[in-house]
Amino acid sequence: MWGVVGRCSPCSAWLMEIWRRIRLEFTVELPLLKARWKQVLFGALFQYVHGIFTQLAHRMHEPQEQPLGDLGFKYLPELGLQNAWVSETIFWCMFIPFILWTFSPFVTARKRFYTAVLYARLLMVLVTCQILRIISFTVTQLPAPNYHCRLGKDTAVREMPKHWWGHVVVDVGRQATHGCGDLIFSSHTTFVLTGVLTFTEYGETLVIKVITWIAVTIMGLCIIASRKHYSVDVVVAFYTVPLVFYTLHRRWTTKRPVQEDWPHRPLAGEEEVELAEVDLESGEEPKVDMSKQPLLPPLLPVVQQGRTSVSHSRSSSRSQVELGKGGPSLANLPAASVADDAQRGSGSSASAASGMRQPRPRSISVMAGPPPEALDPREDSPTPRDGRQGAGGSGLPAVSSKQRIT
């Protein structure tokens, strides 16, 4: 008995670890789903609307004995009814693993996307493509090339309902297997291309990405060879879906930081983050990465039209106005003013040597950490000097308590 328990203990530990990851990921995904439930619900309901219009296209279908001329039909070998399962098999072999992959953040340690965000984006891409598809096959009815859609077949045409509510009831099984008329552009190719483009953006393994693109290309050729669609239906899908996907992709800002195991909170405009207050009297200054801060040029005299002014090259607007008007330069300053400045400088040095410092506020709300130049008591600094102070007399710039991360 102890041997059985010993063999089962690794399995139970693995199951407990999976359950822990699912619970942690659920706490992250739930707020994102609450923020996007309208998009997800709209995308799911629109699949029903798409079914209504594909059924309407079947009722509007005008069959012919032979399909229209097509280069794909001319140069690709015809698979026939007995081999029509090939394209369907490729479709489901790509669709089912993709659905499982979208839920991988719940069980894997390395997480690259949020499932709720991913489905909201996928459904918006599908809805946009399906709207374009509905417009395309509704305005022009092409004779379907499939075998069950040709003239003389019972499944080629469906009768119009006597009442309007007959359009609302969708025969899903018949539309999935014996639909006709909804040609431009291919629905199978639209679904698979959306998944392939998503995996290309968020997947990790390059080999799998290459395999998926090869598979979707083979599936498109098999669809044409099976006479399920014209070549134009597949070709239009191959450039319409990527255009829609990357047009919407430019508006997507939420990105999940890649980190092992721990599920992260959303970045990029998902939540307003309350940043902690730092007590400045305790001497704990915020840590700032100096390598990422903009560097100011050195303090050098600015020479303009023979006049020199000791100020920072990125000086205030007042200094620029004085220079433009030919204001007082260092050479033209009265001796008393120079002496007063020197006396104030010596006084500040003495205060620094004695360890005294000016009164400062107890705390401020720190966002990303002010650059060191913002606290430097120079002429263009917002800190108190020569009686110049910021808002509230504190000498520090007003800082909001909240910041939306983008």
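Helices (H or I, at least four residues) and strands (E, at least two) are DSSP runs, numbered from the N terminus. By that count, the protein chain of this predicted model holds 10 helices and 8 strands. Residues are numbered from 1 along each chain as its sequence is written. Because the model is predicted, local features need pLDDT of at least 70, side-chain atom pairs count only at pLDDT 80 or more, and totals for chains, interfaces and linings use all residues.

Let's start with confidence. pLDDT is the predictor's confidence in each residue, from 0 to 100; its mean over the protein chain is 73, and 61% of the residues reach 70 or more.

Now the chain as a whole. Of its 406 residues, 33% count as buried, meaning under 20% relative accessible area with a 1.4 Å probe, protein chains only. Among contacts with a separation of 6 or more, 78% join residues 24 or more positions apart.

Finally, look at one helix pair. The axes (lines fitted to C-alpha atoms over the stretch in contact, with angles from 0 to 180 degrees between N-to-C directions) of helix 3 (residues 85-102) and helix 4 (residues 115-139) come within 10 Å and cross at roughly 135°. That makes helix 3 oblique to helix 4, since angles under 35 degrees count as roughly parallel, over 145 as roughly antiparallel, 65 to 115 as roughly perpendicular and the rest as oblique. Phe98, Ile99, Trp101 and Thr102 of helix 3 meet Thr115, Leu118, Tyr119 and Leu122 of helix 4 in this contact.

Methods:
Side-chain values use heavy atoms; hydrogens and water are left out. Contact means heavy atoms within 4.5 Å. Buried means under 20% relative accessible area, exposed over 50%, partly exposed in between (1.4 Å probe, protein chains only).
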